[in-house]
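Subject: The two-chain model, with notes

Hi,

Here is the structure I promised to pass on to you.

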Amino acid sequence: MPDQPTAVDAVVVGAGPAGSAAALELARAGRRVVLLERGPFPGAKNVYGGVVYGRVLDEVLPRWWEEVPVQRWVTRRATMLMTPTQALTVDFRATAWGSPPYNGMTTYRAEFDSWLAGKAVEAGARLITSTVATGLLRDGAGRVVGVRTDRPGGDIAAHVVIACDGVNSFLAKEAGLVPRTSPGHTTLGVKETLALPREVIDERFGLTGRQGLDLEMLGCTMGIPGGGFLYTSLDTVSVGVVVSLTGLAQAKHRPEELVAELKAHPAIAPYLRGAELKEYSAHLIPEGGYRAIPKLAIDGMLVAGDAAAMCLVAGLWLEGVNFAIGAGLAAGQTAADAIAVGDTSARGLAGYRRRLDACFVLADHKRLRNAADVMVSDRMLRQYPGFACDIAEQLFTVINPHPKPHLSTELLRAARRNKVRWHALARDGWQAFRAFS
Amino acid sequence: MDYAGVSFEDRMATVEFHVGERAHITVDPQVCRSCTTKDCVHACPAGLFVPTTDGGILFNYEQCFECGTCYQVCNSQGAITWTYPDGGEGVVYRHG
């Protein structure tokens, strides 16, 4: 008798936030679901730029904050505009963010992703780690009917495959949903996790208890489109940059050089004095936004999370894990419904797109579809941080015995120094207003 | 290269790797010799790609972050073939 592949209702590829959310919904609907993870544990392959917004879990895991493996709750959110010798910061604190239902949290992905996968397992999903889904199984009509794995005899037949296999998604590529490469829509994040005693972090960043800081930076990437980040965990600080792949390749700077430059900046270095490198890491980020989001359902298959380019990168907002969870939940619900009625064709799975359109996942992406272009424009990167810093420096430099200069004079001087053209500034301002409104 | 007193080896030594026997990256040296930009050399955050004197590329796969930067920036179709390492192998992040 020939080996029959293992047969289940659904196979979810990738135990990141999208995959675990999908598996959780399927298991709760009473479906037999296998959750595949290529790492030795969920989160082993994952790196992020700092903050998980947990409210997406409110309905599926009530009081999630009582058990989530949090490092710190973000109660201080700052945005810093930088030149090599200046920094202008907008620094916001909200005590409300430090109590339930909270807002953002810092966490390690090894811990957070393992926790969320554990929820799926508790609900009845079968988690199989250290296993790569190497390809799609298709029937004679071309519809997806399962996955091939790198385990001997490891084919898994399923009514639905949910590809949550991340930014490099080989399954979405094999299905023809996304191009083989898209360097123009992809950024590289490089990060250093640095050890500092908890009291030192509390004192340097003005935090107490589980309070945490999320600091985003602009103008600190040696002219390459992108930005920097710094956020606090209990006894580590993570600092790094996110840069355009094409920009990085053209600039010929080493990624670790960019992080070193940021760490040496006069506004950052004092925060990190004496900190010891605990882990260096890197990961790609799909930043294509709404227009790069592929077709999400084909016969027998759905795609969610980074695999479907669902990271929201819109200047003020940089979110990914919550979007992955939101998409995973919708994919799991859709797949469960489709299996129940026995139609897992693209038409039977079309409810996935409708669910995403109706919730924040695609609503936010659609509304902010032009925001990324505005925020990573050359002017936003090379001119405006210096312009803002120069205005501040000129206004606050006391030049007695000369009297204080007029604001208009200072604006003109700062604009001239930074080659800011007024009509371009007005146009960018208007476009930013439109992109975010 | 060394930055802020941390050698690149020490930097990479902070990362846990379960090195598999199979190389999950392959490079076609013929294609690389005709490449003028060698973007992989500069962009790979793990510094896995090293140019050779004859215009080719030397690489190792053992300390790969599995990010995908190399094949994304490679301007020659097919010069870099990149797959995931076998299940359970490759990079293991603890603080990602």
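**A strand between two partners**

In chain A, four bridges join β12(A) to strand β13 (residues 226–232), and these two strands run antiparallel. Strands count as paired if DSSP finds at least two bridges between them. Helices (H or I, at least four residues) and strands (E, at least two) are DSSP runs, numbered from the N terminus. One bridge pair here is E216(A) with F229(A), the latter in β13(A). β12(A) is also joined to strand β4 (residues 72–83) of chain A, this time by eight bridges and in parallel. There, V74(A) has G212(A) of β12(A) as its bridge partner. Seven of the eight residues of β12(A) (residues 211–218) are buried, so the strand is largely enclosed by the rest of the structure. By "buried" I mean that 20 or more other C-beta atoms, placed from the backbone, lie within 10 Å of the residue's own; 12 or fewer makes a residue exposed, and anything in between is partly exposed.

Before you go further, please note that this is a predicted model: local features need pLDDT of at least 70, side-chain atom pairs count only at pLDDT 80 or more, and totals for chains, interfaces and linings use all residues. Residues are numbered from 1 along each chain as its sequence is written, while chains are lettered from A and ligands numbered from 1 in the order in which they are written.

**The two chains overall**

Chain A holds 15 helices and 19 strands. Its C-alpha trace spans about 95 × 45 × 40 Å along the principal axes. For its 437 residues, a compact globule would have a radius of gyration near 22 Å, and the 23 Å of chain A agrees with that. The radius is taken over C-alpha atoms, and the globule rule is 2.2 Å times the number of residues to the power 0.38. Of those 437 residues, 54% count as buried.

Chain B has four helices and six strands, in the order α-β-β-α-α-β-β-α-β-β from the N terminus on. Its C-alpha trace spans about 40 × 35 × 20 Å along the principal axes. A compact globule of 96 residues would have a radius of gyration near 12 Å; chain B has 14 Å, which agrees. Buried residues make up 42% of chain B.

Among contacts with a separation of 6 or more, residues 24 or more positions apart account for 72% in chain A and 67% in chain B.

**Where the chains meet**

How many residues of chain A are in contact with chain B? There are 44, and they touch 30 residues of chain B. On the chain A side, the elements that give two or more residues are α2 (109–122), β11 (186–195), α5 (245–251), α6 (255–264) and β15 (276–286). The largest share, eight residues, comes from β15(A). This side divides into 21 nonpolar, twelve polar and eleven charged residues. Here Ala, Val, Leu, Ile, Met, Phe, Trp, Tyr, Cys and Pro count as nonpolar, Asp, Glu, Lys and Arg as charged, and the others, Gly among them, as polar.

α2(A) also has buried residues, including F112(A), L116(A) and K119(A). What covers its buried residues includes α1 (17–28), β2 (33–36), β3 (52–53) and β7 (126–128) of chain A.

**The nonpolar core and a buried glycine**

A nonpolar core is a set of buried Ala, Val, Leu, Ile, Met, Phe, Trp, Tyr and Cys residues joined through C-beta atoms within 7 Å. The largest one has 167 residues, and I162(A), L302(A) and A304(A) touch the most other members. Helix α8 (residues 321–341) of chain A gives the largest share of this core, twelve residues. α8(A) is mostly covered, with 17 of its 21 residues buried. A304(A) touches A324(A), A327(A), G328(A) and A331(A), among others.

G166(A) lies in the loop between β10 (156–163) and α3 (170–174) of chain A. G166(A) is buried, with 27 other C-beta atoms within 10 Å. Its contacts beyond four places in sequence are G14(A), G16(A), D306(A) and A307(A).

Best wishes

Conventions: Contact = placed C-beta atoms within 7 Å.
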